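Open the model in your viewer and keep the selection panel at hand. We will go from the overall view to single residues, one stop at a time.

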Amino acid sequence: MSEIKFYDTLQAKVREFRPLDPRGKEVTLYTCGPTVYNYAHIGNFRTFVFEDLLRRFLEFRGFSVRHVMNVTDVDDKTIAGAAREKKTLRDYTAFYTQAFLEDMKTLRMLSPGIQPLATESIPDILTLVRKLLEQEYAYVADDGSVYYRVARFEKYGQLSKKKLDGNIAGARVDVDEYEKEEGADFVLWKAAKEGEPSWDSPWGKGRPGWHIECSAMCMRHLGETVDIHAGGEDLVFPHHENEIAQSEAATGKPFVNYWLHAKHLLVNGEKMSKSKGNFFTLRDLLAKGYDPMAIRYALLSVHYRHSLNFTLDGLKEAGEVIKKLDDCYWQCLSRLCVLNLPEKMGNEAAYDGAIGPELERSLEDDLNMAGFVAHMLEHITHLNKVLPSMGRLDLRGCVKFFKGLDGLLGLDIAAVDSIPEDIKTALGQYSEARKAKDFSRSDTLRKGIEGGGWLVKDGRPGEPSTVKKIRRTWDVKK
Ligand code: AMP
Ligand code: ZN
């Protein structure tokens, strides 16, 4: 097995991946989760689906992945949203957290083992702020807010490659998101404002800044140094830069070994974002009739370090790929279940569950999905060509190939892997009726099979008719 390589933003190069675990078994993965002030849009899901692929590939390679994805349920945006809707912060964020969990399921993302809420991590956040104050990496301002003293952390700017030249001594920034104030001292703990949610602290009532939340939750659940920390490219600065400053100042240890960042999903060349109003949520697309797996594939199929320009045409093309995978799979399964092929015929190992060396090689190469997709489509074309001459063992191997593919891409191609007896019998009778040119009987049988939740596909002359389970949006006749 060759090495896995990832592009590490900190070292700005592709590096061989080696986990910290001396047994080489466990990998710790922290992915910045959603800020729950709205439905996540599919730009957000580009990043989340990339992280899901990363985790699936590590698991495919036998690592046990400890995956933490936080939920940011207190920050500037959630507080403003709750105030706008005149709801408590908890009610407001609980609604969008639930919606996010549902969307994750719809997109077949693996559930992170641990999904901590920022509001339930206040004691860890306070401990971290206290440590930073003790070591003079932080100071308390007159109003009781606590700021990080950026000039004291020599490595500041290392991740985002920003220089501190523009730093105005004593400049402070107390909003969570900012771009220009490169070296400004950023807020760790914000003194309470009238009407805003707050918690007790040694510096008076207040609430955490966004950046300290992730440092605290990451170290709490995964330890002081983690293998991989990932997010979208907009998080490099200031969020991840600040996470490094906070965590490394507190522990004196490296915070993260590999930083992975996904490029943005664009619409007409611009970042899809809630503030620009140019976004689709997953629910918008489902309401328009798009299939969730087509959406997942559209997000996955472009290499995560390339911008992905989102279009509805692109989504349709993604649907065509899902249809192609589905068709090939159902051809294999139907033939396996319906044809009376001799047990020993074929070579199971030739198509065995392992996805094959070319596909695996592509993923080892910094999750190169462009290469993966090219090889995958080539393989499907090949399978379609050799299907008619496949024996029982070949077909079994094929089914395993699709299962392997599902494990990695999560596209839900091969979840149904048997055909019920009554459908098989009806299909046999249907083929007989067609052979006898009794089309009224074959029509009735076809309708019966459809009523049972299956579609019949007629074979080319001399080829058997096959079935597929009705599962996709396009399988349902309108
Ligand atoms: P947020 O809910 O805003 O905290 O963002 C959640 C995740 O989505 C973060 O990892 C962001 O970097 C990522 N993200 C935000 N906008 C986009 C976009 N247009 N394309 C890809 N990822 C994005
Ligand atoms: Zn974060």
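The tour below moves from the whole chain to its sheets, metal site, cores and a few backbone details.

**Before you start**

This is a predicted model, in which local features need pLDDT of at least 70 and side-chain atom pairs count only at pLDDT 80 or more, while totals for chains, interfaces and linings use all residues. Residues are numbered from 1 along each chain as its sequence is written, chains are lettered from A and ligands numbered from 1 in the order in which they are written, and side-chain values use heavy atoms, with hydrogens and water left out.

**Stop 1: the whole protein**

Show the C-alpha trace: along its principal axes it spans about 90 × 50 × 35 Å. In cartoon view you can find 14 helices and 16 strands; helices (H or I, at least four residues) and strands (E, at least two) are DSSP runs, numbered from the N terminus. Of the 478 residues, 53% count as buried, where buried means under 20% relative accessible area, exposed over 50%, and partly exposed in between (1.4 Å probe, protein chains only).

Now colour 18–262 as domain 1 and 312–469 as domain 2; these bounds come from an automatic or database domain assignment. Their centres, taken over C-alpha atoms, are 44 Å apart. Eight residues from domain 1 and 12 residues from domain 2 make up the contact between them, with contact meaning heavy atoms within 4.5 Å.

**Stop 2: the four-stranded sheet**

Select β4, β3, β10 and β11: in that order they form an open sheet with parallel pairing. Two strands count as paired if DSSP finds at least two bridges between them. β4 (64–69) and β11 (256–262) are the edge strands, each with a single partner, so one side of each has no neighbour in the sheet. From one strand to the next the twist averages 20 degrees; axes are lines fitted to C-alpha atoms, for helices over the stretch in contact, and angles run from 0 to 180 degrees between N-to-C directions.

Zoom in on β10 (residues 226–232), which is joined to β11 by six bridges. Which residue of β11 is the bridge partner of Gly-231? Pick His-261 and you have found it.

Helix α1 (residues 42–60) lies across β3 (26–31), β4, β10 and β11, at about 155 degrees to β10. Helix α5 (residues 210–222) lies across β3, β4 and β10, at about 160 degrees to β3.

**Stop 3: the zinc ion**

Keep α5 on screen and select ligand 2, the zinc ion. Its protein donors are Cys-32 (SG), Cys-214 (SG) and His-239 (NE2), at 2.0 to 2.2 Å. Donors are N, O and S atoms within 2.8 Å of the metal (3.2 Å for Na, K and Ca); water is not among the atoms, so sites may look incomplete. Cys-32 sits in the loop between β3 and α1 and Cys-214 in helix α5, 182 residues apart. Are these two cysteines, Cys-32 and Cys-214, buried or exposed? Both are buried.

The peptide bond from Phe-237 to Pro-238 is cis, with omega near 0 degrees.

**Stop 4: the nonpolar cores**

A nonpolar core is a set of buried Ala, Val, Leu, Ile, Met, Phe, Trp, Tyr and Cys residues joined through side-chain atoms within 4.5 Å. The largest one has 90 residues, and Leu-58, Ile-228 and Phe-372 are among those with the most contacts inside it. Its largest share, 11 residues, comes from helix α9 (residues 312–338). Domain 1 and domain 2 each supply at least three residues.

Centre on Leu-58 to see its contacts, which include Phe-6, Val-65 and Ile-228. Then move to Leu-359 in helix α10 (residues 357–364). Leu-359 is buried, at 3% relative accessibility, and touches Phe-372, His-375, Met-376, Phe-401 and Leu-405, leaving aside residues up to four places away in sequence.

A second, separate core of 54 residues includes Tyr-92, Leu-126, Tyr-156 and Tyr-178.

**Stop 5: two positive phi values**

Select Asn-268, in the loop between β12 and β13. Asn-268 has a positive phi of about 50 degrees although it is not a glycine, and at 72% relative accessibility it counts as exposed.

Finish at Asp-412, in the loop between α12 (392–409) and α13 (421–435). Its phi is also positive, near 65 degrees, but Asp-412 is buried, with a relative accessible area of 12%.
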